[in-house]
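Dear colleague,

Please find below the structure that I am handing over to you. My notes on it follow directly after.

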Amino acid sequence: MRYSLLADAYQKIEATTKRLEMTDHLVDLLKKTPPEIIDKVVYLTQGKLYPDFTGIEIGVAEKLAMRAVAKATGRSEKAIHEELGKTGDLGGTTQKFLKSKLQVQLSHELLTVEMVFDTLDKMAKSTGAGSMEQKISYLAGLLANASPKEAKYIVRTVTGALRLGIADMTVLDALAIAYGGGKEAREPLERAYNISSDLGRVAKTVVEKGLESVKKFQVSIGEPVRPMLAERLGSPEEILEKLGGKCVAEFKYDGERIQAHKKGNKVILFSRRLENITEQYPDAAELFRKYTKAKDAIIEAEVVAINSDTGEMKPFQELMHRRRKYGIQKAIEDYPVSLFIFDALYADEKDLTLKPYPIRHKALERIIQPSEHVRVAENLIVKNLEELERFFEKAVENGCEGLICKSINPDSVYQAGARGWLWIKYKRDYKSEMTDTIDLVVVGAFHGRGKRGGTYGALLLAAYNPEEDTFETVTKCGTGFTDKDLAKLPKMMKKHETLHKSSRVNSTLEADVWFEPKVVIEVIGAEITLSPIHTCAMDAIRKGSGLAIRFPRFTGNFRLDKAAEDATNTKEIARMYKGQLKKVIEQ
Amino acid sequence: MFKLRIADAKLLRDMITVISTLVDEATFNINPEGIKLRAMDPSRVAMIDFSWPKTIFDEYLCDAPMKMCINVSEMLKLLRRAAKEESVELALDEKTARLTIAIKGRYDRTFNMPTLEATEEEVPTPKVTFNVRAKTTTHGLHQAIEDVQLVSDHVRVEIDNEKMTLRATGDLMGAIVELKKGSETLLELEAKESSKATFSLSYLSDIIKNASATSDIATLEFSTDMPIKIDFQQPKEGKLTFYLAPRIEVE
């Protein structure tokens, strides 16, 4: 197939802003395309050679492309640079210079789509020393044989500037009309695309094997499934109503969504945007390998950074230290992660995407071997507002952003690539950021693990309620302690240890060790949240809820000057909560 | 089967260097009489026509005609490991499609590299007639090219009955090199009619620089605004000829 056919189609598509016209031009092009290269044409129209998840990009810098243009036209790089300065469009500049090229050729060859694709493929795969010169030579070769119009689009393709505005959905529409017998074919084509993320393969299948084969598309290990997304509603009443009065609520962890594909011992991880991120998370890949009992599986999870000393979750920003190319081994040690699994799309050699959520979740529970760092995302079936609100508070207090409420009705399939009402986000509208430190009383402690064996992992801290003369728990704090602090803590607290919880301490949590309320330490946190667990200012803000400090950190100050009764009191914390409440701005 | 030995590795290395001027992947035609290669650079501006008869090699064995495509820049890396007066042996394993390169002398080392899928394209000889012909020393020609390259990236070559002139005009500077008939550099000169043509120096200088290692005498032939043919004299019946398309003169 002549490349000029492609260039002609590009020109027509570029000239219109109407999607329908664009689709018509694309239909014409696809009908002219021989079946064996339909996939290549589909990728090329999107400025690609392969589906995104392969990670193979042409990626030629503008400077490099300019050198190739100079070579092919016999013009100086300076002249090209000057012209480019006027328009900013290297494609147009190339076209212009090719019309008046100074270098004659010994012979001329008409470009075919196959030649262009193969040459771009070689360019994409050329690496190492000398690869720059090689890429220039390949590109110059194409340009030397190209017509000015062809050259324009080739240069735009290699520099990533082929912006025809053809959306995935436009390609699917065009395929439906050209080869599916009409617009109705769009739905099965779209589903095939959503579960394979590979428009080229969908195109090739419908052209060579027909629509029936497209309808039989199944998820396939190694090809990322386009993620199902959630709608958002502000009030829990609306959410419950929308989901038919009951749903499963899941913690919405403050981490990164990952789709893991496991085939035997091989695990590939894809990001939400379908990039292969296995190399950034070798530890997560290992966890999937070790704790997925199924030989082959596709599962979705949230990767969350954790404090390895306390097991507490860390905010999302901490996890972003893991998105790097170098120093990965050190990042693994500095920012360890846990996995919270929430869906299974393939297991037991079966595509589960068309099964309702409860069945997928059962499969998930069957194939996951829970362990310290691999758990099923915390979830609860809720049937009323009260349960939903309580669970929401628990999620927030545990460092989550909120909840994802999921339909458990028979139609609750996995809607790949779609944002629908089967999943609904419930996030906080307001949050109360902490700006000042507070002084809290140590009332209990939890044994440390790992590096902190023999000392405390976290302290249970309380605020003073002067009216009742009690100490009400407000947070568990394991961050901010130096090794020296940790070494001396058990000795320091030993004399205050009690066999049972002091009658003045009001706690629903069971600590490993209880103390007489004596020692006061200074703490700062990220924010104050409502809590179903902590007893501080119980009922003051909302009936049945207390207040908690999220992401607490010890500042290093033992307030030896303060008596327990001088600690920050519960009313002050309630006031801080109300005073600092701010609307959450969606990012 | 195909196998050869050459006592001086430098000969082979210089020839592969010449070929690498134009192509990364070279398809050699190998037959019982010797080795041939015709190839064009990807931009189709220049062409190389090369052949070495088996008599150039110290040992040569080929029982049937075949094609062998190799990545010449990779091969060069290996050949550069050979020192002066070391010998080199090439052997193709047709089963594994790998080429073995053994360098022997100060010590023995054997490399192997993959061969690639050979191109089927036959490169035709450009059909051009020549009005002028000049025989020069390769060294003198190389010097002249280095002179004009200082000021521009292309050069106009003019030949009449008296002399060969190279003219270059850059943005700021200009250069003129005159080689008179019968001089130390210009050994012979024939002109049916005065001719001139312009060529890209990036091609011309690489070709002449690399070829000068393999040849002492060069013969240039062209006509006004037509491709130039440069033949570099080779030992025995060897042949090394380049064709280079002209640039369009703008004035």
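I begin with Thr353(A), which is buried in this predicted model, because its relative accessibility is 0% and the cut-off for a buried residue is under 20%. Thr353(A) sits in the loop that connects strand E7 (350-351) to helix H18 (357-367) of chain A. Leaving aside residues up to four places away in sequence, Thr353(A) touches Arg191(A), Ile195(A), Val219(A), Leu345(A), Val413(A) and Tyr414(A). With one of these, Arg191(A), the side chain of Thr353(A) makes a polar contact of 3.3 Å. A polar contact of 2.6 Å links the side chain of Thr353(A) to that of Asp351(A). Val225(A) is 128 residues from Thr353(A) in sequence, and the two C-alpha atoms are 9.5 Å apart in space.

Two other positions in chain A may be of interest to you.

Arg550(A) belongs to strand E21 (residues 546-550) of chain A. This arginine is buried, at a relative accessible area of 5%. Its side chain is joined to that of Glu527(A) by a polar contact of 2.7 Å. When residues up to four places away in sequence are not counted, the residues that Arg550(A) touches include Val396(A), Glu397(A), Gly399(A), Cys400(A) and Glu401(A). Also among them are Arg428(A), Gly525(A), Ala526(A) and Thr529(A).

Ser147(A) is found in the loop between helix H8 (131-145) and helix H9 (148-158) of chain A. With a relative accessible area of 29%, Ser147(A) is partly exposed. In sequence, Ser147(A) and Ser4(A) are 143 residues apart; in space, their C-alpha atoms are 8.0 Å apart.

I turn next to the interface of the two chains.

Of the area that chain B buries against chain A, 33% comes from Ser43(B), Arg44(B) and Arg247(B), more than from any other three residues.

Which polar interactions cross the interface of chain B and chain A? Ten residue pairs are in polar contact there, both residues of each pair being at pLDDT 80 or more. The count of salt bridges between chain B and chain A is two. Lys78(A) forms a salt bridge with Asp171(B), in which the closest N and O atoms are 3.4 Å apart.

Helix H2 (residues 72-79) of chain B has Val72(B), Met75(B), Leu76(B), Leu78(B) and Leu79(B) as buried residues. Seen down the axis of H2(B), these buried residues fall within an arc of 160°, and therefore they line one face of the helix. In an α-helix there are 3.6 residues a turn, so residues three or four places apart point the same way. The buried residues of H2(B) pack against helix H1 (9-20) and against several strands of chain B: E2 (25-31), E6 (66-71), E7 (87-93), E8 (98-104) and E9 (109-114).

With kind regards

How values were computed:
Residues numbered from 1 in each chain as written. Chains lettered and ligands numbered in written order. Predicted model: local features only at pLDDT ≥ 70, side-chain atom pairs only at ≥ 80, totals over all residues. Heavy atoms only, no water. Buried area = accessible area lost by both parts, 1.4 Å probe. Salt bridge = Lys/Arg side-chain N within 4 Å of Asp/Glu carboxyl O. Polar contact = N/O pair within 3.5 Å; in protein donor to acceptor, adjacent residues only side chain to side chain. Buried < 20%, exposed > 50% of the residue type's maximum accessible area, 1.4 Å probe, protein only. Helix = DSSP H or I, 4+ residues; strand = E, 2+ residues; numbered from the N terminus. Arc of directions from axis to C-beta. Contact = heavy atoms within 4.5 Å.
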